[in-house]
Amino acid sequence: MRVLVTGSSGFVGSHLVRRLVADGHEVTGLDVAEQRQPFDAYRDVRADIRDEAAVRRLLEEVRPELIFHLAAQVSVSVSMREPRLDIETNVLGTVTLAQAAAAAGTRRFVFTSSGGAMFGQPAVVPATEETEVSPRSFYGASKVAAERYLSIIEAETGMSVASVRPANIYGPWQDPHGEAGVVAIFAQRMLRGDAVTIFAPGTDTRDYVFVSDVVDAQVAAAMAPEGAMCLVGTGVETSTREIFERLAAHCGYERAPIMGPPRPGDIERIALDASKARATWGWSPRVSLDDGLRMTVESFREEMGR
Ligand SMILES: NC(=O)c1ccc[n+]([C@@H]2O[C@H](COP(=O)([O-])OP(=O)(O)OC[C@H]3O[C@@H](n4cnc5c(N)ncnc54)[C@H](O)[C@@H]3O)[C@@H](O)[C@H]2O)c1
């Protein structure tokens with residue numbers, strides 16, 4: 001198939017491109033940033049999804065049958081500091097792309113939303129698709145708004161829309177310099193022997209899903225007969241403290257963590273029940289946390305050795 005991936009130079013986008021190229025699809029990537037992975041048989045385009053003329057031109061030229069939309073302003077704290085930038089990228093950018101896609105004859109539009117940021121602190125964990133949507137951050141609100149706009153575009157144009165709502169994704173190639181992505185940040189610091197800070201209390205839990213499992217869900221969402229919105233997680237809660245300990249064992253890190261102050265806006269607990277994804281897409285996570293952490297540490301070790 002002719003496939004367009006936005007956010008193709010990012011962490012998840014790069015893994016998705018690798019998978020789609022290996023599956024024999026004709027893949028075009030769109031991103032403002034350079035692709036850091038060496039992919040063959042892949043067209044890599046620099047463009048900004050907020051640039052309506054550029055997006056329309058590209059889509060008219062490529063005429064993708066399938067779009068995976070991952071390009072986003074991904075930081076919760078940036079969204080709180082710069083809500084306009086977040087809205088422009090995550091809401092306006094998504095609407096611009098989806099309308100251009102519908103006009104170019106795209107059949108399925110797979111949006112990567114966020115299962116971790118749309119519920120605030122749910123009363124019952126793991127959250128399901130029935131849990132009340134109540135984001136605490138502008139980032140979460142922008143993902144919810146984008147989903148709502150996409151439902152309307154789907155109804156108006158007939159372009160089928162699917163929404164993958166992942167939990168906390170981790171794995172090789174994740175940016176260790178950001179402020180999110182605790183596995184990447186801890187792993188890199190531990191491999192360097194640097195101090196590692198856990199924001200208090202450390203007992204807060206997240207649902208960690210390995211990047212290849214998320215790619216499986218995205219592909220399943222694309223290939224399913226109908227569009228659907230599903231949570232993609234393991235249903236298992238893991239505390240930050242436990243991530244620290246498991247990673248320390250993989251890295252041979254012996255220093256104690258530094259306890260930092262709590263971060264405003266952080267929730268206490270989250271995990272996502274993926275029963276609907278299992279029933280609808282035949283998806284369930286395949287990589288255990290320990291295998292995923294081991295593969296992540298190996299990849300970071302290799303990158304640092306280069
Ligand atoms: N990483 C996670 O834990 C997680 C969890 C749930 C959902 N998501 C979603 O998955 C998607 C991919 O996230 P990621 O972790 O790979 O992040 P990432 O930052 O590594 O990738 C995002 C990519 O989007 C690109 N981008 C940003 N603004 C753009 C614009 N205006 N035009 C074109 N490209 C632009 C960036 O250059 C980057 O390469 C995002 O939509 C994110 O919201 C991520």
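**A pocket and the chain around it**

The lining of the second largest pocket is made up of five nonpolar, nine polar and five charged residues. Ala, Val, Leu, Ile, Met, Phe, Trp, Tyr, Cys and Pro count as nonpolar, Asp, Glu, Lys and Arg as charged, and the others, Gly among them, as polar. This is a predicted model, where local features need pLDDT of at least 70, side-chain atom pairs count only at pLDDT 80 or more, and totals for chains, interfaces and linings use all residues. Residues are numbered from 1 along each chain as its sequence is written, and side-chain values use heavy atoms, without hydrogens and water.

The second largest pocket holds about 330 Å³ of space. Its lining has 19 residues, and the closest to the centre are Arg36, Gln37, Trp173, Gln174 and Glu303. Helix 1 (11-22) and helix 10 (289-305) each supply at least two lining residues. Helix 10 gives the most, with five.

Now take the whole chain. The chain has 10 helices and 13 strands (DSSP runs: H or I of at least four residues for helices, E of at least two for strands, numbered from the N terminus). Its radius of gyration, taken over C-alpha atoms, is 19 Å, close to the 19 Å that the globule rule gives for 306 residues, so the chain is as compact as a globular protein of that length. That rule is 2.2 Å times the number of residues to the power 0.38. The C-alpha trace spans about 55 × 45 × 40 Å along its principal axes.

Of the 306 residues, 53% count as buried, meaning under 20% relative accessible area with a 1.4 Å probe, protein chains only.

Conventions: 1 Å grid on protein atoms, 1.4 Å probe; cavity = no way out; pocket = protein on both sides within 12 Å on 5 of 7 lines; lining within 4 Å. Points joined across faces, edges and corners; volume = space filled by probe spheres on them. Buried < 20%, exposed > 50% of the residue type's maximum accessible area, 1.4 Å probe, protein only.
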